[in-house]
Amino acid sequence: MTLLRISDLKLYYKTLRGLVRAVDGVDLDIEVGEAVGVVGESGCGKTSMANAIIKMLPSNVAVYQGRINLDGLNIVDLPEAEVRRRIRWREISIVFQGAMNVLNPVIKVGHQVAEPLIIHAGMDKDVAYRVAREKMKLVGLHEEVFNRYPHELSGGMKQRIVIAMALIMNPRIVILDEPTSALDVSIQAQIMNLLKKLKKELSLSMIFITHDIALASDISDKMAVMYAGQIIEVGSAEQLLLTPMHPYTQKLLKATPRLTSGEKPEFIPGAPPDLVDPPKGCRFHPRCSYVMDICREKEPIKFEPTKGQKVMCWLYGESR
Ligand code: SF4
């Protein structure tokens with residue numbers, strides 16, 4: 001069952017150089033209990049999409065339009081007060097990139113986990129503390145951690161705290177923006193195992209944002225590949241890993257180091273485009289080895305060459 005349906009979402013920023021088309025016509029469905037991995041190089045619009053979903057927008061937004069449909073409500077059109085009252089943290093929460101480094105250093109972490117319940121839900125402090133202790137236990141933290149300050153915790157423990165904060169109001173969807181990028185590999189594996197456990201036990205839907213396609217495939221049921229503000233391919237994790245269709249997805253996979261083969265990772269030629277003035281036609285065409293005349297002129301539509309897999313590439317169109 002579809003829980004969140006994103007249709008033709010656009011988010012442009014006003015800058016001195018012109019409009020930055022950070023998110024430009026994104027469509028994505030998130031099902032109940034589904035983990036959707038959103039992958040792509042930095043600057044492709046992943047974080048902007050996350051901020052757009054939860055409607056946490058910077059002051060220089062010039063265009064914010066489309067549909068983000070949750071229970072018949074379009075978050076894009078909801079006034080800020082309604083988003084705060086009904087959606088943000090209650091239905092959809094987010095673990096921001098680097099969030100563990102911005103915990104308040106002079107407040108005990110248990111209170112920081114409980115704070116949204118006290119401030120936003122008007123809960124009695126003792127009850128909020130009890131709920132916070134339960135959430136901390138759920139994310140694998142010992143009870144005595146409640147009274148510690150952030151500097152007394154390891155990186156992995158701090159990340160568990162921010163995950164507990166994201167879960168405190170029992171949201172149905174959690175957005176995780178590069179949740180393990182600041183952690184070393186063994187702690188990264190522990191956090192990934194925790195996220196898989198939470199997904200299963202709570203039937204939680206997740207949007208897992210990362211530049212690391214291999215890491216995303218570890219938890220994702222479905223994966224969406226972003227390039228220059230657009231989702232250029234979406235399919236099941238298996239489809240994307242085994243039969244990637246878009247030339248950019250293929251390059252991303254070839255750029256990933258493999259443990260089991262002697263193949264060296266390849267690099268992706270060129271650089272991501274300037275989102276103030278993206279290339280005409282297919283935005284990937286200056287870097288694509290399959291480029292055709294049509295690619296330079298016309299933006300590809302979304303084709304569905306196999307069931308469940310959608311790709312924005314003229315290689316799969318009738319006009320080929
Ligand atoms: Fe390459 Fe053309 Fe497909 Fe773009 S539309 S990825 S340029 S083949």
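Figure 1. The structure shown is a predicted model. A search of the whole structure turns up five cavities of 30 Å³ or more. The largest cavity holds about 90 Å³ of space. This largest cavity is the space taken by the ligand.

**Figure 2. The lining of the largest cavity.** In total, 14 residues line the largest cavity. Nearest its centre lie C282, C288, C295, C313 and W314. By class, the lining divides into twelve nonpolar and two polar residues. No charged residue is part of this lining.

**Figure 3. The largest nonpolar core.** This core has 105 residues. L4, L9, L28 and M49 are those with the most contacts inside the core.

**Figure 4. A close-up of L9.** L9 is one of the residues with the most contacts inside the largest nonpolar core. Leaving out residues up to four places away in sequence, L9 touches V23, D24, G25 and V26, among others. Its other contacts include M49, A52 and Y64. L9 also touches Q65, G66, I68 and V76. M49, like L9, is among the residues with the most contacts inside that core.

Methods:
Residues numbered from 1 in each chain as written. Predicted model: local features only at pLDDT ≥ 70, side-chain atom pairs only at ≥ 80, totals over all residues. Heavy atoms only, no water. Core = buried A, V, L, I, M, F, W, Y, C linked by side-chain atoms within 4.5 Å. Buried < 20%, exposed > 50% of the residue type's maximum accessible area, 1.4 Å probe, protein only. Contact = heavy atoms within 4.5 Å. 1 Å grid on protein atoms, 1.4 Å probe; cavity = no way out; pocket = protein on both sides within 12 Å on 5 of 7 lines; lining within 4 Å. Sits in = over half its atoms within 2 Å of the grid points. Points joined across faces, edges and corners; volume = space filled by probe spheres on them. Nonpolar A, V, L, I, M, F, W, Y, C, P; charged D, E, K, R; others polar.
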